[in-house]
Amino acid sequence: MDFLKSAVASAIAQGPPFPYSFGDKVDIDASIWTLYNGTRRADGSNCSIFSFDITANKARLPLAKNALKKLRTMRHPGVIRVLDTVETDTYIYIATERVVPLRWHVKRKSLSPETIKWGLYSIASTIKFINDEGSSIHGSLRVASIYTSESGEWKLGGFEVLSNVKDDEAVIYTYGSLVPDSARYTPPELARSGWDAIKKSPHSAVDAYNFGATIFEVFNGDFLGGDQAGQTKGIPPSMHAGYKRLVNANPKARITVGAFLEQGRRSGSFFDSPLIKLTEGIDNLGVKSETEKEEFLDDLDQLTDDFPEDFFKMKVLPELLKSVEFGGGGPKAFGVVMKISAKLSNEDFEARVQPVVIRLFGNPDRAIRVCLLDNLPLMIDRLSQKVVNDKIFPNMVSGFTDLAPVVREQTLKSVLVIITKLSDRTINGELLKYLAKTANDEQPGIRTNTTICLGKIAKNLGASSRTKVLIAAFTRSLRDPFVHARNAALMALSATGEYFTEEDCATKILPVICPSLIDKEKLVRDQANKAMDIYLQRIRKAAAAMPDTVQPPPQTTEGAGPRMSTPQPSEASSWAGWAISSFTNKLSAASGEMQTAALEATNNNNNNNNNNKNSNPKAPRAISRSASPESAPRFHSTSSASALQRQALKSPSPAAEAYFKDPTPVDDGGDAWGDMGDMDDDGNAFFDASSEPAKQATKKEPTTTAQPFDDGAEPDFAGWLAAQSQKKSGLGGGKAKPLPKGLNKANGKGATATGAPKKTLPTRTMSKTVVPKKIDTKPKETDDDDGWGDGW
C-alpha cells in the first residue's frame with residue numbers, strides 16, 4: 001500500500017499538476033479503476049479520485065478513455081459530478097465529488113425500502129435520460145456501477161462502455177465483454193449471439209435487463225446470474241409486474257426503463273412516495289408558488305425517521321435554509337429545518353445551521369422571529385455561550401418592545417431558555433431593564449409571565465441586587481388588578497423565600513402579603529395563606545434561636561427593691577400590666593412629696609396663727625381647715641414642678657379610665673385639692689377676716705393673675721395675706737385709733753371747713769365680725785401638657 005502511494009506521488013510529480021491529495025483506498029467490486037478518498041489542497045474539501053494505471057492495465061485503456069470522455073460530457077443530476085481530470089501516458093486521474101460504493105450499503109443491508117425506492121427512482125431517471133435524450137446505451141448497469149454521494153443520493157458511474165447507438169465504431173460492440181464480471185449481467189441474447197446482437201434489438205433492451213437485475217440485487221444483496229432473473233424474492237409486490245417485464249428473456253418484449261418509471265409514478269404506485277416527491281420539489285423550491293410550497297412542505301413534514309439522513313443534511317437542509325432566508329419559505333420551512341437539525345452532529349449544526357439562525361434573529365419579519373423563539377429550546381444546547389450572549393441576545397431584545405403582543409410574550413418566555421447562556425453582566429443589566437418594562441406591560445398576561453419569569457431566574461440574579469429586585473417586582477404584582485398576576489406573585493414569593501433574610505421576611509414581605517388574605521378572589525386568598533404559613537414558619541424558627549433579651553442585667557444592691565419602671569414577673573401576665581404599674585408608682589411618689597410639703601405648710605400656719613393670737617387675741621384665724629395632713633391641700637413644695645406632674649394629679653378622663661382599667665383603685669389626685677364644700681361657685685376657697693376695714697384694705701391691693709402656686713420660703717400664704725390686711729387697716733392689735741378732731745360728731749352729721757353741708761359717713765362698729773376677702777389659692781390650669789396630651 002505504501003509502495004502504491006509512493007508510486008502515485010512520483011507519477012504526479014512527473015506529470016501535469018493535480019490539485020488534489022490522495023487519501024485512503026476504497027474497496028470496490030471488480031473494476032478497471034482504483035478508488036481513493038481525496039481532498040482538495042486549496043480548501044481541504046472532500047473528493048474521490050478514480051485512478052487508472054495504464055502501464056499495468058493497458059488492454060483496458062479504451063474502456064478508461066471512454067469513461068473519461070463520457071463523464072466529462074455527460075451532465076445530469078444522477079451522474080457522478082466530475083471536478084477535474086488528468087491524463088498522461090502512464091495514468092488517468094478523475095477527481096469527483098466524494099462518493100461511496102453502493103455495494104457497502106447493500107452488503108450491510110442498511111437501506112430502508114423507501115430509500116431503495118428513492119434510489120432506484122433516481123437511477124431509472126438517469127437511464128431514461130441516457131436512452132432517450134442521449135440515444136445511448138449504458139451497457140454496464142449494476143450495483144457496482146452505482147455510488148452514493150455525501151447527500152445519500154444514488155449516482156451513476158461505470159461509463160466504460162457507454163456508447164451512442166448512432167456510432168458504428170462504438171466501444172460497446174468491441175470491448176463490451178472486457179468489462180470485469182460482465183458475464184453475470186449479460187442479457188440472454190448477448191450471451192448467445194455476442195455484443196453485436198445489440199443492433200438487432202431495441203437499444204434500450206440491454207439497460208432494461210440490467211436495471212431489472214439491479215432491482216433484484218439491491219433488495220436481496222446479490223445477483224448470481226440469469227437464473228435469478230424474474231424471481232420476486234424481497235421485491236415489493238407493487239413492483240412485481242414491472243420488474244418481470246424488465247427481465248423478460250425476449251428483448252423485444254421488455255419494457256423500457258422509461259416506461260417502468262412512468263408506471264411507478266402513477267398514483268398509489270411504487271414510486272409514489274413522499275421522499276421521491278421531496279427530491280423532485282426541493283431543487284425548484286424557490287420558484288414554486290405559495291400553494292405549491294405549502295403542499296411541498298406538508299409532504300416534507302410528514303416524512304418519517306427512516307429516510308436517509310445524509311440526503312436531508314446535504315441536499316434538503318441547504319435548500320430549506322435558502323428558502324427561509326431568501327425565498328419566503330416562512331415558519332413552516334424553518335420547522336422542518338429544526339426537525340432535520342435534530343439528527344445533525346454538533347459540528348454539522350455549527351457549520352450549516354448556526355450562521356443562518358444568527359442572521360434570522362436580525363430579520364424584522366415577526367413570523368420568522370416568533371418561529372425562532374418557539375424553536376429556541378431545540379437548538380439552545382447546540383449554541384455556545386459566546387454566540388448567544390454576543391450575537392443572538394442583542395438582536396432578540398428588540399422583541400421586548402415590539403408592538404405585537406405575541407412577539408413580546410414569546411420573547412419573554414425565551415428568557416428561561418437562554419438564561420444559562422447569558423453573562424452575569426447581561427442578566428443584571430440589560431435583561432432586568434427590559435423585564436422592568438414588561439412588568440408594566442398593558443397586557444395582563446405579559447405582566448403575569450414577567451412575575452413567573454423573575455421567580456424562575458431568581459437563582460441567576462446577582463446576590464447584591466436580587467432581594468431588591470424581587471421584592472419590588474412581587475410587591476407591585478400583588479397590587480395588580482389581574483387576578484392571575486396576584487396569584488403568580490404569591491407563588492413566586494413562596495418559591496423564592498430562601499433568597500430573603502428573616503428581617504426582610506418580617507418587615508417587607510409579610511406586610512404586603514397580609515392584604516391578600518382578604519382578597520376578593522378565593523384563588524388569591526388560598527395562595528396568600530400558603531405563602532403566609534411559609535414565611536411565618538421561617539420567622540418563628542429564626543425567633544426561637546434568638547436570645548431572650550439583649551439588655552445587660554440590672555445592677556442591684558442588697559436589700560434594694562426593683563426599679564420603679566422595670567416590669568415585674570407578676571405584671572407580665574397582662575400585656576399592659578407593666579405600663580399601668582409604672583404609672584401608678586409615679587403617682588404615689590408624687591403624692592408623697594406633696595403630702596410632706598403640705599404638712600410643713602400647715603405647721604408654719606399654726607405657728608403664725610399662734611403669734612397673731614398672742615399679739616391680738618381678737619384677730620380671726622386665717623385658715624380653718626389645716627388641722628391634719630389629710631385635709632390639707634397637697635401642693636408640690638418645689639419650684640421645679642412641671643406640667644407633667646400637674647396633669648398626672650388631675651382626675652383622668654373617662655376614656656383613660658376605660659383604657660387603663662385595673663381592679664386596684666387608683667388615686668386620681670382629687671384628695672389633693674381638699675374638701676369641695678369649702679369652695680364657692682367660682683371654685684375659690686374661703687378665708688376669714690377680722691373686720692370690714694380689712695376688706696376695704698384688701699380691695700386696695702392690685703389685682704394679680706393667679707399663677708401656679710409656689711410658696712418658696714412662705715408656706716402659709718393665706719395667713720400671711722390676712723396679717724398684711726390687718727396691718728394696713730390698723731386692726732393688727734387692740735383698739736383702732738380715733739379719727740382726727742372735727743371729723744367725728746356724735747349725731748353723725750358734719751360740714752366741711754367752708755360751712756358747706758357734709759356727707760354722712762357710715763359708722764363702724766368694731767364689735768361686728770367682718771367677712772374676709774375670698775382669696776383664690778387654687779393654681780390656674782394651663783394648656784401646657786408637657787408631652788402627655790395626645791398620648792393619653
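Start by selecting Arg-254 and Glu-189: they form a salt bridge, with the closest N and O atoms 2.7 Å apart. A salt bridge here is a side-chain nitrogen of Lys or Arg within 4 Å of a carboxyl oxygen of Asp or Glu. The model is predicted: local features need pLDDT of at least 70, side-chain atom pairs count only at pLDDT 80 or more, and totals for chains, interfaces and linings use all residues. Residues are numbered from 1 along each chain as its sequence is written, and side-chain values use heavy atoms, with hydrogens and water left out.

**Stop 1: around Arg-254**

Arg-254 sits in the loop between helix 8 (240–246) and helix 9 (257–265), and Glu-189 in helix 6 (residues 188–193), so the bridge ties together parts 65 residues apart in sequence. Helices (H or I, at least four residues) and strands (E, at least two) are DSSP runs, numbered from the N terminus.

Are these two residues buried or exposed? Arg-254 is buried at 8% relative accessibility, and Glu-189 is buried at 7%. The cut-offs are under 20% relative accessible area for buried, over 50% for exposed, and partly exposed in between (1.4 Å probe, protein chains only).

**Stop 2: Lys-332 and Glu-294**

Select this pair next. Their side chains meet in a salt bridge at 3.6 Å, N to O. Lys-332 belongs to helix 13 (residues 330–341) and Glu-294 to helix 11 (residues 290–301), so the contact ties together parts 38 residues apart in sequence. Lys-332 is partly exposed at 33%. Glu-294 is partly exposed at 38%.

**Stop 3: helix 23**

Go to residues 522–544, which make up helix 23. Lys-522 forms a salt bridge with Asp-526, the closest N and O atoms being 2.7 Å apart. Both residues lie in this helix, 4 residues apart, about one turn. Lys-522 is exposed at 52%, whereas Asp-526 is partly exposed at 34%.

Now select Asp-29, Arg-103 and Glu-217: salt bridges that share partners join them into one network. How many salt bridges does a search of the whole structure find? The search finds 20.

**Stop 4**

Switch to cartoon. 5 strands form an open antiparallel sheet in the order 1-2-3-5-4. Strand 1 and strand 4 (82–87) stand at the edges, each with a single partner strand, so one side of each has no neighbour in the sheet. The twist averages 25° from one strand to the next. Two strands pair if DSSP finds at least two bridges between them.

Walk through the pairings:

- Strand 1 (residues 20–26) runs antiparallel to strand 2 (residues 34–40) over 5 bridges. Val-26 stands opposite Leu-35 in strand 2.
- Strand 2 joins strand 3 (residues 46–53) through 6 bridges, antiparallel. Thr-39 stands opposite Asn-46 in strand 3.
- Strand 4 joins strand 5 (residues 91–96) through 5 bridges, antiparallel. Asp-84 stands opposite Ala-95 in strand 5.

Pick Gly-44. In the hairpin of strand 2 and strand 3, with 5 residues between the strands, Gly-44 takes a positive phi near 75°.

Helix 2 lies across strand 3, strand 4 and strand 5, at about 30° to strand 5. Axes are lines fitted to C-alpha atoms, for helices over the stretch in contact (heavy atoms within 4.5 Å). Angles run from 0 to 180 degrees between N-to-C directions.

**Last stop: cysteines**

Select Cys-47, buried at 1%, and then Cys-505, buried at 0%. With a disulfide taken as a pair of cysteine sulfur atoms within 2.5 Å, the count is 0.
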